[in-house]
Amino acid sequence: MLIDSGESPEQVQVLKEMTIALQMKDDFSIDRLYQIDQRYFDVAMDLLKEWRFDHHIASRSKLIDMLLPEVMPAVLAVGNEP
């Protein structure tokens, strides 16, 4: 993998810092992505897409957990109708 290759440690550092910022919900200057080569930029975009997808799934899961107690009595009542 590009990150593990040991090549271009400065560019890899930008990717690591972006990943940590996303995970910790910290600020990250998008401008830093202009400092890295295209292939590292592509990895950054892939990381961002993956984070967004995982974040969306986690948010949806939390919403379902919140709504389930409200909806379950109605769902159970419909299931028990003759």
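Biologist: How many salt bridges does the structure hold?
Modeller: One. A salt bridge here is a side-chain nitrogen of Lys or Arg within 4 Å of a carboxyl oxygen of Asp or Glu. This is a predicted model, where local features need pLDDT of at least 70, side-chain atom pairs count only at pLDDT 80 or more, and totals for chains, interfaces and linings use all residues. Residues are numbered from 1 along each chain as its sequence is written, and side-chain values use heavy atoms, with hydrogens and water left out.

Biologist: Which side chains meet in that salt bridge?
Modeller: Those of glutamate 17 and arginine 32, at 2.2 Å from N to O. Glutamate 17 sits in helix α1 and arginine 32 in the loop between α1 and α2, 15 residues apart. Helices are DSSP runs of H or I with at least four residues, strands are runs of E with at least two, and both are numbered from the N terminus.

Biologist: Why does glutamate 17 count as partly exposed?
Modeller: Because its relative accessibility is 30%. Buried means under 20% relative accessible area, exposed over 50%, and partly exposed in between, with a 1.4 Å probe and protein chains only. Arginine 32 is also partly exposed, at 23%.

Biologist: Changing topic, what is the secondary structure of the chain?
Modeller: Two helices and zero strands.

Biologist: Which residues make up the largest nonpolar core?
Modeller: There are ten: Val12, Val14, Leu15, Met18, Leu22, Leu33, Ile36, Tyr40, Val43 and Ala44. A nonpolar core is a set of buried Ala, Val, Leu, Ile, Met, Phe, Trp, Tyr and Cys residues joined through side-chain atoms within 4.5 Å.

Biologist: What does isoleucine 36 touch?
Modeller: Not counting residues up to four places away in sequence, isoleucine 36 touches Gln11, Val14, Leu15 and Phe41. Contact means heavy atoms within 4.5 Å.

Biologist: And glutamine 11, buried or exposed?
Modeller: Buried, because its relative accessible area is 11%. Glutamine 11 lies in helix α1. Neighbours within four places aside, glutamine 11 is in contact with Ile36, Asp37 and Tyr40.

Biologist: How much of the chain do buried residues make up?
Modeller: 16% of the 82 residues.

Biologist: What does the accessible surface come to?
Modeller: About 6,700 Å², with 59% belonging to carbon and sulfur atoms. Accessible areas come from the Shrake-Rupley method with a 1.4 Å probe, and for residues only the protein chains shown count as cover.
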